[in-house]
Amino acid sequence: MLARGARAINLFRHINNIGEGETMNYLAILVAAVSSFMLGGLWYSPKLFGEAWNRENGGVKQERASGQVFGTAFAFSLIGAFCFAYWLGAAPALDKALQAGFSAGFGIAATSFGINYQFAQRSFKLWLIDGGYHTAQFLLFGLILGLWH
């Protein structure tokens, strides 16, 4: 049983280019999560897409978000940044990290939103706003993790 576990760890290290003694950059992961959280604040503000997002969601004015909403949103940002870094492996090349960021953001997150939005009969414009945010989010993760090793 232990041998099987050791083989799985070695396979993970091989797939993710993590050698013996190498670890993920946890500070870069934290900065990526914070930057994603800040990007969301700007993205959904009235200065960018907040008003259009509100109209596409039925025009009901959102109440000011509580600390619990912000705390939960940050926790999700942190989980996303950690999982993305885990997927990339230690010290990814910038071009690989940016390509993976686009693949994760647009190819996985935005298209998954697209499927749900079709069944929920949400607008294409709303999908562009939300899918665009997640594409930018994962590109930002890739930029930070690809530059910071």
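Residues are called buried under 20% relative accessible area, exposed over 50% and partly exposed in between, with a 1.4 Å probe and protein chains only. The model is predicted, and local features need pLDDT of at least 70, side-chain atom pairs count only at pLDDT 80 or more, and totals for chains, interfaces and linings use all residues. Numbering runs from 1 along each chain as its sequence is written, and side-chain values use heavy atoms, with hydrogens and water left out.

**Figure 1. The overall fold consists of six helices and zero strands.** Helices (H or I, at least four residues) and strands (E, at least two) are DSSP runs, numbered from the N terminus. Along the sequence the pattern reads α-α-α-α-α-α. The protein has 149 residues, of which 33% count as buried. A contact is a pair with heavy atoms within 4.5 Å. Among contacts with a separation of 6 or more, 77% come from residues 24 or more positions apart.

**Figure 2. F76 is a residue of helix α4.** Is F76 buried or exposed? F76 counts as exposed, because its relative accessibility is 58%. F37 lies 39 residues from F76 in sequence, and the two are 9.3 Å apart in space, C-alpha to C-alpha.

**Figure 3. Aromatic pairs in helix α4 are shown here, out of 16 in the structure.** Rings of Phe, Tyr and Trp (its six-membered ring) pair if their centres lie within 6.5 Å; planes under 30 degrees apart count as stacked, over 60 as edge-to-face and the rest as tilted. F82 and Y86 are a stacked pair, 6.3 Å centre to centre with 25° between the planes. These two residues are four apart in helix α4 (residues 67–88), so about one helical turn separates F82 from Y86. F82 is partly exposed at 34% relative accessibility, and Y86 is partly exposed with a relative accessible area of 41%. F84 and W87 make an edge-to-face pair, 5.8 Å centre to centre with 65° between the planes. F84 and W87 are three residues apart in α4, about one turn of the helix. F84 is buried, its relative accessible area being 2%, whereas W87 is partly exposed at 44%.

**Figure 4. Ring pairs join W43, Y44, F49, W53 and Y133 into a cluster, and a charge sits over another ring.** A charge is said to sit over a ring if NZ of Lys or CZ of Arg is within 6 Å of the ring centre and within 35 degrees of the ring normal. The charged end of R122 is placed over the ring of Y117, 5.3 Å from the ring centre.

**Figure 5. The largest nonpolar core holds 16 residues.** A nonpolar core is a set of buried Ala, Val, Leu, Ile, Met, Phe, Trp, Tyr and Cys residues joined through side-chain atoms within 4.5 Å. In soluble globular proteins, nonpolar side chains tend to be buried together. Which members touch the most other members of the largest core? They are I29, A81, F84, L88, F141 and L145. Two or more residues of this core come from each of α2 (26–43), α4, α5 (94–119) and α6 (124–147). Leaving aside residues up to four places away in sequence, I29 touches M24, L78, A81, F82, A85 and L145. Another core, of five residues, lies apart from the largest one and includes L39, W43, A52 and Y133.

**Figure 6. The largest pocket contains about 1,300 Å³ of space.** On a 1 Å grid over the protein atoms alone, a pocket is an open set of points where a 1.4 Å probe fits, with protein on both sides within 12 Å along at least five of seven lines; lining residues have an atom within 4 Å of a point. Grid points are joined across faces, edges and corners, and a volume is the space filled by probe spheres set on the points. The lining has 32 residues, and G40, Y44, W53, A65 and F70 are the closest to the pocket centre. At least two lining residues come from each of α2, α3 (50–56), α4, α5 and α6. Helix α4 supplies the largest share, seven residues.

**Figure 7. A91 and Q121 have positive phi values without being glycine.** A91 is in the loop between α4 and α5, and its phi is about 50°. A91 is partly exposed, with a relative accessible area of 48%. Q121 is in the loop between α5 and α6, with phi near 55°. Q121 counts as exposed at 73% relative accessibility.
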